[in-house]
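Welcome! Please take a look at the sequence and the model below, and then we can walk through them together.

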Amino acid sequence: MKRNKSWLNKRLSEGNLFDQTRHKLTLQYSGVLMIFLGLFVVIVYALLYVFIWSDQRSHLTELTNSELQVLQKWVDGDTNPKRQPPRSVEDAFSISADQSFYYLISDIGNVQLGDETQPELREQMMALIAKGQFKGARTQQTTLQTFDQPSVDVQGRPQNGEDARFLVTNRELKKNGQLIGTLYVGKEVTFQHQLFRLLLILMVGMALLFFVLALWFSHRMARRAIIPIAKAYERQREFVADASHELRTPLSVVLTSIEALQLDADESNPFTNNVLKSMKDEVNAITRLTSELLQLARSDADEFVLERSVFQVKAAAESVVTKLLPAAQAKGMVLQLHVPDQLNVEWDRGKLTQLLVILIDNAIKYTLDGGDVHIILVDKVEKGARFLTLDVRDNGMGIAPEALPRVFDRFYRQDKARTRQVGGHGLGLAIAKNLVDAAQGTIQVESQQGVGSTFRVRIPV
């Protein structure tokens, strides 16, 4: 029980299927939380923005309309409305807390009436009006320079100002449809502008904080969700390992019995010989399946141990080719081995032999009669590290593009009908990938239907 618990903790902390699943669950949980949080931030910010700026525009509009009414009353009752407004009209205007400046500009561009909180504002506004910045817009924001002290010192040298935001609105003053002038009214909204910038920074900061918390919470949720799955997987793994191990002994007894019966069988009775041969083939197939399942169960349990020793790669490869040569010759195929004579590596000879058997046997099965299989082994040095590369290239039927991402999956077979003909259970390439991954190497496949396939392995040695 203690061993199972340590295995489970190890599985939940290392990079494997459970770790990948946990990462996906974490991203999904945190993604959902962040979508709702992002929507909340956007909605709240948008509502505050609309509410506050609508309120500012509303106050400025009311003030401008009231001043326009005073001017309109004077224009409607004056015989010469294009002249300078009388003193009584000027006295009705004043700079308030909700107003930074007002200017009445005649149709020819003269200032008929105006005042401001800072004299420097007038020149800047006149320049913007001359450029037509406010033309056609009832209300808009603009940036003007403000000064805590006069814009020039006693010696006439200019002083540096600060950028300030202003909300400016304008209204046309008309009499009998003829334009008399345009009233411009503005108020400083620097505080509101900076408030929204700080609010945006605060909300983004809070969103990032909540994102970290969401990741942490999602990680815990995903870890808890994966525990029962990992426990079930461990029970399944133990069952497969135990069942595979227990099946090997009776299968060996059955196989030995069949071989004994073959020795005593009457050669003149072809029916009995064929039955015994079929039984032997099926037992051998079941034995291979149990061995493959046991291999996968051991790799799942992280029982991969490299028995390192220095050996000659050519000798190891030649022994595999010799073993598989009868199967290739039965299909009229040629196995061509390309490996340097003096290539010695320090790795696990048994694991390399197993890898070669899987890849070459797979190439023989899925190559048409009379084809060729090339086995190429070389060593390379990259950035001070040495690698053994293995290519197994055939000119067989190839692999469909949609099947390429799944060729290393367990029990996956592209053409199940043909697989039944050539044998196999879809575990060989999965075992090969486990061997390579456990050795911190890489295995890739390149294939084109009707042309052939190349399996390329790269192992650090």
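Which residue in strand 5 does F166 stand opposite? F166 stands opposite E188 in strand 5.

**How to read the model**

This is a predicted model, in which local features need pLDDT of at least 70 and side-chain atom pairs count only at pLDDT 80 or more, while totals for chains, interfaces and linings use all residues. Residues are numbered from 1 along each chain as its sequence is written, and side-chain values use heavy atoms, with hydrogens and water left out.

**The chain as a whole**

The protein chain holds ten helices and twelve strands. Helices (H or I, at least four residues) and strands (E, at least two) are DSSP runs, numbered from the N terminus. Of the 461 residues, 35% are buried. Here, buried means under 20% relative accessible area, exposed means over 50%, and partly exposed lies in between (1.4 Å probe, protein chains only). The accessible surface of the protein chain is about 27100 Å², and 56% of this surface belongs to carbon and sulfur atoms. Those areas come from the Shrake-Rupley method with a 1.4 Å probe; for residues, only the protein chains shown count as cover. Among contacts between residues at least 6 apart in sequence, 66% join residues at least 24 apart; a contact means heavy atoms within 4.5 Å.

Let us return to where we began. Two strands pair if DSSP finds at least two bridges between them.

| Strands | Sense | Bridges |
|---|---|---|
| Strand 3 and strand 4 | antiparallel | eight |
| Strand 4 and strand 5 | antiparallel | ten |
| Strand 10 and strand 12 | antiparallel | eight |

Q140 stands opposite V168 in strand 4. The hairpin of strand 4 and strand 5 has two residues between the strands, and N176 there takes a positive phi near 55 degrees.

Helix 4 covers residues 120–130, and its buried residues are E120, L121, M125, L128 and I129. Seen down the helix axis, these buried residues fall within an arc of 155 degrees, so they line one face of helix 4. That arc is taken from the directions from the helix axis to the C-beta atoms. E123 and A130, on the other side of helix 4, are exposed. The buried residues of helix 4 pack against strand 1 (101–106), strand 2 (111–116), strand 3 (139–146), strand 4 (162–175) and strand 5 (178–188). Just after helix 4, G132 has a positive phi of about 75 degrees.

**The nonpolar cores**

A nonpolar core is a set of buried Ala, Val, Leu, Ile, Met, Phe, Trp, Tyr and Cys residues joined through side-chain atoms within 4.5 Å. The largest such core has 45 residues, and those with the most contacts inside it are L355, L359, I360, I375 and L390. Helix 8 (349–365) is among the elements that give two or more residues to this core, as are strand 9 (372–382) and strand 10 (385–394). Eight residues, the largest share of this core, come from helix 8. Apart from it lies another core of 18 residues, including L68, L71, V75 and F196.

Which residues does L359 touch, beyond its neighbours within four places in sequence? L359 is in contact with L390, V392, L429, I443, F455 and V457. Two of these names come up again in the sheet, where L390 stands opposite V457 in strand 12.

**Two loop residues**

K383 sits in the loop between strand 9 and strand 10. K383 is not a glycine, yet its phi is positive, near 55 degrees. Its relative accessible area is 90%, so K383 is exposed. Q440 lies in the loop between helix 10 and strand 11, and has a positive phi of about 60 degrees although it is not a glycine. Q440 is exposed too, with a relative accessible area of 71%.
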